[in-house]
Amino acid sequence: MKGMQGLGVLLGVLALSPALAAETAVAEATDPLWMVGLKAFLVIFGLLTAFAYMTLVERRLLARIQIRQGPNRVGPTGLLQPLADAIKSIFKEDLVVAKADRVVFVLAPMISVTFAVLTFGLIPFGPKDAFFGYDPWVIDLDVGLLYVFAVSEIAIYGIFLAGWASNSKYSLLGSLRSSASMISYELALGISLLAPVLLVGSLNLRQIVEWQHQNGWLILYMLPAFAIFLLTSMAEAARTPFDLPEAEQELVGGYNTEYSSIKWALFQMAEYIHLITASALIPTLFLGGWRMPGFMEQIPVIGGIFSLPYLWMFVKIAFFLFFFIWVRGTLFRLRYDQLMVFSWGRLFPLALVWFLLSAGVVAFGLPLSLLAWLSLASLVGFLVYAAVTARPDPKAPSRLGNRGGVRV
Amino acid sequence: MVRDPAKLHSPSVEAYEISDAPELKSEVMTLNVGPQHPSTHGVLRVVVDLSGEQILRLTPHIGYLHTGFEKNMEHRTYTQCITYTPRMDYLHSFAHDLAYALAVEKLVGAEVPPRAETIRVMLNELSRIASHLVFLGTGLLDFGALTPFFYAFREREAVLDLFEWVSGQRFHHNYIRIGGLKEDLPPEFLGEVKKFIAQMPYRIDEYEALFRESPIFYERARGVAVIPPDDAINLSLTGGSLRASGVDYDVRKAYPYSGYETYKFEVPVLYGGDVYDRMIIRILEMRESVKIIQQAVERLEAMGPGPIRDPNPQISLPPRHLLETSMEAVIYHFKLVTEGFHPALGEVYVPTESARGELGYYIISDGGSMPYRVKVRSPSFVNLQSLSFACKGVQMADMVVVIASLDPVMGDVDR
């Protein structure tokens, strides 16, 4: 049975993971186990609540963009809408398609949501001992970034398996697209983060934040890496303009076509949790993490007021969530071959070149300011490029090599 | 390719490069899309043969919205038939009203007063704008952009409000009568139309800003599903889709009706023949429609009140007040209401330009009060046959976009 094999592999990975984590356990004093458990619970609880309200916020914001009201009937200004949605999705008929691979079909949404939840615990929300005398992160891994990647990639398997197990052609196309886009953006995503890691010299998210506190935000030195990571995060969360695995218009939901009830809701949950995690990861890596902008610390009164540990993290997360919703309200969807061309042909070389540049700076011990100047130069270069190509000439052929309309 | 219909409908699968790696087993996947599918614009069903995501062959299946309107019209008097006409193309319904009325008027030799003709032109162009707005909104939705839909429907709502005001109905406004109109425009109606067309050019700019300059839209639409001009003509493509392929044919210019020859407007022609041009040409047509409405409103204001129906008592109902004083009027009224008028023996076809292309009613009269046969040359039906041609070789994701760009209305297809 295909399903049982997959389950076996998965259980194996799960069984090994504590051992792997123990290998890399940090030497510093850690929180007692019950506290870690409590914090893990808080993270999951918080993420699920955030997911529920994220749907509401997204719908209201999209409605604003689209000159309409959005859900405002359930509870005061629609605040109970997520609750109503949750009740609705739980009580809907839970179908399993007759020809589906039953085990994998049920397992896929679980994989998707489980591995989506797992990464958030690494994000530091404040200085040591800021959480009532305990650390404001669930676990402090030295391989932090690697762990984040490993886990969030497994989450893609949820989508892939869902499409495969549904035994439906639409789902199959959706999961094929998902895999195709994954292999194309994943490389750019990974390489774009190599440069900051090289500069900081650590994979530990907490140390990356500390480095930024001492040297300034990484976005100043790593603007192209930041841009690539932002774009590929959208692809990873399957958001517009990279929402092709679930393209509603042509694939009727793609991999989740055959899913209903709570299983469908789990996929939605996974997608939004990916989004929230990405919104937390981007500031942690590039925008100083939970710390306020350096210059504000110098201002006497404001610096004191705004140095609350969680405030800045939440502000930054909210900003990126807003950004993702904004993009969804604005952009069109790419075709999957175009996404591949875009990732392989644009993002990947750019990430590689940037990585080589920063590696050179680090290797030859050149000053950091050089990287900042390079970032500025790349920004200027991009703006010039955007200005030149802003109005596509209606007569010109497609730039990404359009294969549509080929007379066969 | 088109000249050999057998080749068009059954291309040999072996002709395509299915896979570069021969040892890899791959097969053509046949995918059924529709009739319940979010992007087939109604109940169109297409069966596509896919190699990966590339479409090898596409076969549209129609008939899921068959209503028998044409057949039913054989059992209704010529006036009663007007109930059916707008229901075929529910987006540009006024064009169907107009096309039917023009055909019957030609059959019975009715004379439409100039005021009625001008009002017809004005409303027809308003309806065309509404139809193009739906095309634009839903078409861009198929590209994955949610927002333009709501902006397009905002102005469409304004047009529908105007129609509700003038005829009492938003979609199926049976406002046209044989020989004229049901009644005159409400007072102050022209003022509202003027307000609408005053802001419309800026709204159209807004739509353009929403999509035309988007590089993603450009990449998705440019060069996709090209229909060259000769193929477009061979496939009987008409309307905006034909003009996007570089063929300058607009019935309003070629065979003017309702006094269209007296209006100053351009027929936009683009030469790409792809999805991009088919989307853009509707924007340009809306701009021209605004110009026509502008001129029609000016004429109506200069014209002042006047008759809105052919005074011939054998075609039009007599005015209400005459029924109390004139015996003749009562008799005409009775005859018209109970059995309708009797056109002479003959057949008639009048082409018109609807938002989708050439639309005409072919009516055969056997001298009775009901048509012997009605055949609608509906642009959606004829344009749909270019779908399998246009979709050949495009990606699955582009298929919905190609359907949207050809702008079929299933009610118009199945009738």
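Q: Two strands pair if DSSP finds at least two bridges between them. Over how many bridges do strand 6 and strand 7 of chain B pair?
A: Residues are numbered from 1 along each chain as its sequence is written, and chains are lettered from A and ligands numbered from 1 in the order in which they are written. Strands (E, at least two residues) and helices (H or I, at least four) are DSSP runs, numbered from the N terminus. Strand 6 (residues 346-354) and strand 7 (residues 357-365) of chain B run antiparallel, and their bridges number nine.

Q: Which residue in strand 7 of chain B is the bridge partner of Ser354(B)?
A: A hairpin joins strand 6 of chain B to strand 7 of chain B through two residues. In strand 7, the partner of Ser354(B) is Gly357(B).

Q: How many residues of helix 16 of chain B are buried?
A: Buried means under 20% relative accessible area, exposed over 50%, and partly exposed in between (1.4 Å probe, protein chains only). The buried residues of this helix include Met396(B), Asp398(B), Ile403(B) and Leu406(B). Helix 16 (residues 396-406) of chain B is largely enclosed by the rest of the structure, because the buried count out of its eleven residues is eleven.

Q: Which residue with a positive phi follows helix 16 of chain B?
A: Most residues other than glycine have a negative phi. The residue after this helix has a phi near 60°, and it is Asp407(B).

Q: Is Glu188(B) buried or exposed?
A: Glu188(B) sits in the loop between strand 5 (180-181) and helix 7 (189-211) of chain B. Its phi is positive, near 70°. At 68% relative accessibility, Glu188(B) is exposed.

Q: What is the relative accessibility of Ser236(B)?
A: The loop between helix 9 (229-234) and helix 10 (240-244) of chain B holds Ser236(B). Phi here is also positive, near 60°. Ser236(B) counts as partly exposed because its relative accessibility is 30%.

Q: What is the relative accessible area of Thr284(A)?
A: Thr284(A) belongs to helix 11 (residues 261-286) of chain A. Leaving out residues up to four places away in sequence, its contacts (heavy atoms within 4.5 Å) include Ile123(A), Leu205(A), Val209(A) and Met313(A). Thr284(A) is buried, with a relative accessible area of 0%.

Q: About how much accessible area does the nonpolar patch with Trp373(A) and Val388(A) have?
A: Accessible areas come from the Shrake-Rupley method with a 1.4 Å probe; for residues, only the protein chains shown count as cover. Val388(A), in helix 16 (residues 368-388) of chain A, is exposed at 63%. Together with residues including Phe382(A) and Tyr385(A), it forms a surface patch of about 930 Å².

Q: Which element of chain A has the lowest mean pLDDT?
A: pLDDT is the predictor's confidence in each residue, from 0 to 100. Chain A averages 78. Helix 3 (residues 81-91) of chain A has the highest mean among its elements, 88, and the lowest, 52, belongs to helix 1 (residues 2-23).

Q: How many contacts beyond near neighbours in sequence does the stretch of residues 397-408 of chain A have?
A: Where pLDDT is low, the predicted coordinates should not be read in detail. Over residues 397-408 of chain A the pLDDT is below 50, and the contacts beyond near neighbours in sequence number 41.

Conventions: Predicted model: local features only at pLDDT ≥ 70, side-chain atom pairs only at ≥ 80, totals over all residues. Heavy atoms only, no water. Patch = residues over 30% accessible without salt bridge, like charges linked within 9 Å, V, L, I, M, F, W, Y side chains within 5 Å. Salt bridge = Lys/Arg side-chain N within 4 Å of Asp/Glu carboxyl O.
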